[in-house]
Amino acid sequence: MFTWFVAKRLFAQGGSSGRASRLATGIATVGVAIGLCVMLVSVAIVLGFQKEVQDKVLGFGAHIKVMNYRSLGQQEFSPIVIDDSVTSRLTAIPNVASVARFCTKPGMLKTDANFRGIAIQGIGQDYDRSFISSHMIEGEMPEFTDSVGSGKLVISQAMAREMQVEVGQTIYAYFFEQTVRARKFTVAGIYRTNLTDFDKNFAYTDLFTIHRLLGWDSQQYAGAEIRLQDFERLDETLMNVVNEVNHKQDSYGEYYSSMSIRMEHPQIFAWLRLLDMDIVVILILMICVSIFTAVSGLLIIILERTNFIGIMKALGARNKQVRHLFLNYAMLIILRGIVLGNILAFALIYLQKYTGLVTLDPEVYYVEAVPVLVNWWWVLAIDLGTLVISALAMIVPSFVVSNITPAKSIRFE
C-alpha cells in the first residue's frame, strides 16, 4: 500500500517533475495508446471484412446443398428427387432453418447489341430472397413460385451495364441442347453485391420456368438448399444431413450427396482464414511497440529520479519496495495509455461505421467502404493482454534501482 500511495503521488506530480521525465512519461503514454488503438482498429477492420464477405457468399449460396452425387464437381446439375418427404426429413434436423428446392440452367442472354453466357437459377416461394432483396438497387425482387411462369428476370448491375438494359426492358435467354430454346424475359430488378465473380454469373427467375426447360419429372430438381439457424454449427449440422440422406437412392436410382458452402467455395473461406494471421502479426508488432516505449520511459524516469531513490533507501526502503514503487508508476502510465487508446480507437471505428469515410474499390475488395465490427471479447482480450504483457516487461528494467546506492545517488544531479 505504501509503494502504491507514493507511486500515485509521483504520477500526480508528473507535471512538476524534470523535463526528461515528463517527456518520457508522455512518450510512453502515447506509445501505449497508439499501439492499442492500432490493434483495436485493425481487429475491427479484419472482423468486419470477414463478416461482410462471408455474409455475401452465404447470401448467394446455401449453407448446405443436397444434390445428386453425379452433380459434384460438374457445371450442370443432374436431377434428384426432392419431394415433401425429403424436405420434411431435412427440416427436422436440428439447427436447420429452411429448406428450398432449386434448379439451375446455363444459357446465354442476348440483346440487339450484346450477348453473354449466364447461369439462371430458378427459385420458388420457399427460397430465402432476403439477401438479394436487400441488395436491389433498381426495381424489385418478384414473388417467384414453382407453379406458374412469371416471365421476369433479376440480373446484376454488372450484367445490366454489359447488356445495356434497364428495369422494364425485354431480354432474351437462349438455352442450347439438341435444339436451341429461347425465352423472353422482362428485367424486373437489378442487384449489386460487389462480389464480382457472383454478380457476373448469376441471374434469377421463377422455378417453374427453369424446371420446364430442364424437362425433368415433377419431383426432380437440381437439389435442395439448406439454411441454418446458427452458421457456427455448420460442421455438426452437415454431419446430421450426411447421416440422413447421403448414399441413399431416390425412386430413379440416383444417389443423394451433400456439401457445405465451405466445400463449394474453399478458396474464399481459406482466404478469409488467412486474415486471422494478419491479426496475429499486427498484435505482436503493436505490443512490441507498446513495450518498447513503456520500458524506455521507465528507464528514463528511474535515471532522472536517482536522487529520490537514494533518499528512499537512506530512509530504510528496501530494493524490493523501490522496485514495486516504480512498477506501480509504470502501471499507471500503461493504464492511462490504455484508456486513451480505447477512446481514440472507438472514435475512429464508429466514425467509419456511421460515415463510411474510408472507401475501397469494390472490384478489388468486394465492399465500397472499409467495414468494421466491434467484438467486445476481442476488446477485453487486447486491453488485458496489453496491460499484463507490458507490466511483465517492466520487471527487468525495474532492477536498475538495485544498483543505485544512497551515498552516490543523493549527490546525483
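Visitor: Which helices each supply at least two residues of the lining of the largest cavity?

Guide: In this predicted model, helix 2 (19–60), helix 12 (319–355) and helix 14 each supply at least two residues of that lining. Helix 14 covers residues 376–393. Helix 2 gives the most to the lining of the largest cavity, with 4 residues. The cavity has a volume of about 60 Å³. Its lining consists of Leu-40, Val-43, Ala-44, Leu-47, Phe-346, Ile-349, Leu-373, Val-374, Asn-375, Trp-378, Val-379 and Ile-382. By class, 11 of these lining residues are nonpolar and 1 is polar, with no charged residues.

A search of the whole structure finds 3 cavities of 30 Å³ or more. The second largest cavity has a volume of about 40 Å³, and its lining is made up of Ser-98, Ala-100, Asp-126, Tyr-127, Asp-128, Glu-225 and Arg-227. Strand 3 and strand 11 (223–228) each supply at least two of the lining residues there.

Of the 14 residues that line the second largest pocket, Gln-50, Lys-51, Gln-54, Glu-232 and Arg-262 are the closest to its centre. The lining has 5 nonpolar, 3 polar and 6 charged residues.

Helix 10 (266–304) leads on to the largest pocket, where helix 10, helix 6, strand 1, strand 3 (96–110) and strand 4 (115–123) each supply at least two residues of the lining. About 770 Å³ of space lies in this pocket. It is lined by 29 residues, and the closest to its centre are Lys-65, Phe-77, Phe-202, Glu-264 and His-265. The lining holds 13 nonpolar, 11 polar and 5 charged residues.

Two of the residues closest to the centre of the largest pocket, Lys-65 and Glu-264, are also partners in a salt bridge, at 3.1 Å from N to O. Lys-65 belongs to strand 1 (residues 64–68) and Glu-264 to helix 9 (residues 261–264), so the pair ties together parts that are 199 residues apart in sequence. Lys-65 counts as buried because its relative accessibility is 7%, under the 20% cut-off. Glu-264, at 27% relative accessibility, counts as partly exposed.

Strand 1 has a further link by way of its neighbour strand. Strand 1 and strand 12 run antiparallel and are joined by 5 bridges. Asn-68 stands opposite Tyr-256 in strand 12. Strand 12 is mostly covered, with 5 of its 5 residues buried. In a regular strand the side chains alternate between the two faces of the sheet. In strand 12, Tyr-256, Ser-258 and Ser-260 point one way and Ser-257 and Met-259 the other way, and all are buried.

Glu-254 counts as buried at 18% relative accessibility, while Arg-70 counts as partly exposed at 48%.

The side chains of Arg-192 and Glu-368 meet at 3.2 Å, N to O. Arg-192 is in the loop between strand 8 (180–191) and helix 6 (196–199), and Glu-368 is in the loop between helix 13 (362–365) and helix 14, so the pair ties together parts that are 176 residues apart in sequence. Both are partly exposed, Arg-192 with a relative accessible area of 27% and Glu-368 with one of 38%. The count of salt bridges comes to 10.

For the protein as a whole, there are 16 helices and 12 strands. Buried residues make up 49% of the 413 residues. Of the contacts with a separation of 6 or more, 77% are between residues 24 or more positions apart.

Note on methods:
Residues are numbered from 1 along each chain as its sequence is written. This is a predicted model: local features need pLDDT of at least 70, side-chain atom pairs count only at pLDDT 80 or more; totals for chains, interfaces and linings use all residues. Side-chain values use heavy atoms; hydrogens and water are left out. A salt bridge is a side-chain nitrogen of Lys or Arg within 4 Å of a carboxyl oxygen of Asp or Glu. Buried means under 20% relative accessible area, exposed over 50%, partly exposed in between (1.4 Å probe, protein chains only). On a 1 Å grid over the protein atoms alone, a cavity is a set of points where a 1.4 Å probe fits but cannot get out, and a pocket is an open set with protein on both sides within 12 Å along at least five of seven lines; lining residues have an atom within 4 Å of a point. Grid points are joined across faces, edges and corners, and a volume is the space filled by probe spheres set on the points. Ala, Val, Leu, Ile, Met, Phe, Trp, Tyr, Cys and Pro count as nonpolar, Asp, Glu, Lys and Arg as charged, and the others, Gly among them, as polar. Two strands pair if DSSP finds at least two bridges between them. Contact means heavy atoms within 4.5 Å.
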